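Here are a few exercises to work through with the model open in your viewer. Try each one before you read the solution.

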Amino acid sequence: MGDKNNKRKRLDPTSTENFGSKKNKRDVSEKKNEKKRIEKKLVEKNDEKKNGEKKNALPRRPNADQENQNGCRSHILSNRPGLFLHSCDLVLEINNSAKQSSSKQKNKKNTYLYTKYFSDDDDDYAVIDIIYPGGQREKFALASSTKFEYDPIDELFRFVETFIFYFIDNGVKKDDEVDEHSDPKSHTDIQKRFTYSKGGLRNQNSVYRNLRSSIRTKRKDRFIEAIKSFNCQMDYLVQNNDLDPFLKDRKPEGCLLEFILEQIYARCCSETDLPNITKAKSFSDATYGELRFALVEEMIQEAGINGNSIFVDLGCGIGNVVIHVNARVGCDSYGVESNEARHEIADRQINEYKGRMALWGLDQTGTVEVMKADFLNCDYVVRLLRKADVVLTNNYAFASSTNEALTRLFLEMKEGAKIISLKDFRTGANRNGPESILKVTKYSYPPDRNYVSWTNADGCYFVSTVRHN
């Protein structure tokens, strides 16, 4: 194969290839160029065979060229599916970005956004491994920052806390509520291992309590000891397949799902990305707003989304809901987004999501895809809507003309399909218009910041059922 930049390699000065007639050199060059053209045609043919330009298939994302041994990837390799970004690499990216921005300014203060958390660290900050239920390790930087929202120490602690609550307490009890004098025979094997074994998570010298205390007092020796003990316990459970009953054919929910989604978001959507994502004219079709975890959970339940559904998010932004729905029920989940910056983040998040599910030892089933397109002017979207069981569109700030165009698209949907929206599509002006096929149910949510990103006031959403008859 030729050089990536299509430049001729320089010959070795000691080689006899330096000498000879210009004609010979030209012949060699022509042969190389011809070889490149042939190889390029072969590659294009192979790509056509693989991709096939199927009418009912979303465009395939290209594979990245590189992958390191740990299975992690940087943001520039976001197109390779199934990889995850280590916490320490995220911190390193942020610090490097801070260095570059400060080097361009005369005032070079605050070069590092992250510094060591424990004062007795020799370097800028130490790095520690933590074992996940899937048996893989993630590297965390023992660092803190007063300027950046992401906190690796807090996430590491919440990882241990979430594991205990979800896998050991079975999502029912908290650490302080556990009766240490209860009969061990009534507990599962995993509870016995973590609760009553030496160095377990539930006795007075438990991992959880030591970890919490070491963070509060900034005692690195106790912190390292607690993490080593946790890894020892986790490694035992992984090696003996004790976690299989908790992982097999089970979809993440509750605190575990919320934590995984937060991990994905933190690694794929930094504060430097937000200006490009949210940039739009106020109260226009491009206005950006996120539906929070609690509201999406309600929508999944009220719309009856299950593993056999086909879910479509029109104007999906950075893909939060597309991933949430797929993770929660395992159905085919599609998103459509026209904004370049938002689509790029969505692509990152999908790849991070697949890697995170493997890291936690959870199976990722069903299709999860986000395509870049204008959903009002795309033939593929029409074909997708004909198959969809549930469609979501955050039309809260859409223009009336956009909402009217959407109602005409809904005419293509099958009988009984459902549409979730933040604004009622029925204008009342024309009872015989396209919106007449919709049977609408209104739902309200309380004043809480955990429902939508743009306000903490109460609000409502609508679930419309298509009734052609």
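**Exercise 1. Work out how α5 and α6 run relative to each other: roughly parallel or roughly antiparallel?**

Solution. Keep in mind that you're looking at a predicted model.
- Step 1: get the geometry. The axes of α5 and α6 are 8 Å apart, and the two helices pack at an angle of about 155 degrees.
- Step 2: apply the cut-off. Angles over 145 degrees count as roughly antiparallel, so α5 and α6 are roughly antiparallel to each other.
- Step 3: list who touches whom. On the α5 side, the contact uses Val-207, Asn-210, Leu-211, Ser-213, Ser-214 and Ile-215. On the α6 side, Arg-222, Phe-223, Ala-226, Ile-227, Ser-229 and Phe-230 take part.
- Step 4: α5 passes α6 in a left-handed crossing.

**Exercise 2. Find which residues of α5 are buried, and what they pack against.**

Solution. 
- Step 1: α5 covers residues 207-217, and its buried residues are Val-207, Tyr-208, Asn-210, Leu-211, Ser-213, Ser-214 and Ile-215.
- Step 2: these buried residues pack against α3 (152-168) and α6 (220-239).

**Exercise 3. Decide how α11 and α12 are arranged: roughly parallel or roughly antiparallel? Then say why α11 counts as largely enclosed.**

Solution. 
- Step 1: take the angle. Helix α11 (residues 320-329) and helix α12 (residues 340-359) have axes that come within 10 Å and cross at roughly 25 degrees.
- Step 2: compare with the cut-off. Angles under 35 degrees count as roughly parallel, so that's the label for α11 and α12.
- Step 3: name the contact residues. α11 brings Asn-320, Ile-323, Asn-326 and Ala-327, while α12 brings Gln-349, Ile-350 and Tyr-353.
- Step 4: α11 passes α12 in a right-handed crossing.
- Step 5: tally the burial. Eight of the 10 residues of α11 are buried, so the rest of the structure largely encloses this helix. They are Val-321, Val-322, Ile-323, His-324, Val-325, Asn-326, Ala-327 and Val-329.
- Step 6: look one step past the end. Just after α11, Gly-330 takes a positive phi of about 80 degrees.

**Exercise 4. Two polar residues, His-86 and Gln-263: buried or exposed? Find what each one meets.**

Solution. 
- Step 1: locate His-86. You'll find it in the loop between α1 (22-51) and α2 (87-103).
- Step 2: check its cover. At 1% relative accessibility, His-86 counts as buried, since buried means under 20%.
- Step 3: find its partner. A polar atom of the His-86 side chain lies 2.9 Å from the backbone nitrogen of Lys-139.
- Step 4: move to Gln-263, which belongs to helix α8 (residues 254-268). Its relative accessible area is 0%, so Gln-263 is buried.
- Step 5: list its contacts. Setting aside neighbours within four places in sequence, Gln-263 touches Tyr-132, Glu-138, Glu-155, Arg-356 and Trp-360.

**Exercise 5. Zoom out. How many helices and strands does the protein have, and what share of its residues is buried?**

Solution. 
- Step 1: the secondary structure comes to 14 helices and 11 strands.
- Step 2: the protein has 469 residues, and 44% of them count as buried.
- Step 3: for contacts with a separation of 6 or more, 68% are between residues 24 or more positions apart.

Technical notes. Residues are numbered from 1 along each chain as its sequence is written. This is a predicted model: local features need pLDDT of at least 70, side-chain atom pairs count only at pLDDT 80 or more; totals for chains, interfaces and linings use all residues. Side-chain values use heavy atoms; hydrogens and water are left out. Helices (H or I, at least four residues) and strands (E, at least two) are DSSP runs, numbered from the N terminus. Buried means under 20% relative accessible area, exposed over 50%, partly exposed in between (1.4 Å probe, protein chains only). A polar contact is a pair of N or O atoms within 3.5 Å; within protein, one must be able to donate a hydrogen and the other to accept it, and residues adjacent in sequence count only if both atoms are side-chain atoms. Contact means heavy atoms within 4.5 Å. Axes are lines fitted to C-alpha atoms, for helices over the stretch in contact, and angles run from 0 to 180 degrees between N-to-C directions. Angles under 35 degrees count as roughly parallel, over 145 as roughly antiparallel, 65 to 115 as roughly perpendicular and the rest as oblique. A crossing is left-handed if the near helix is turned anticlockwise from the far one by less than a right angle, and right-handed if clockwise.
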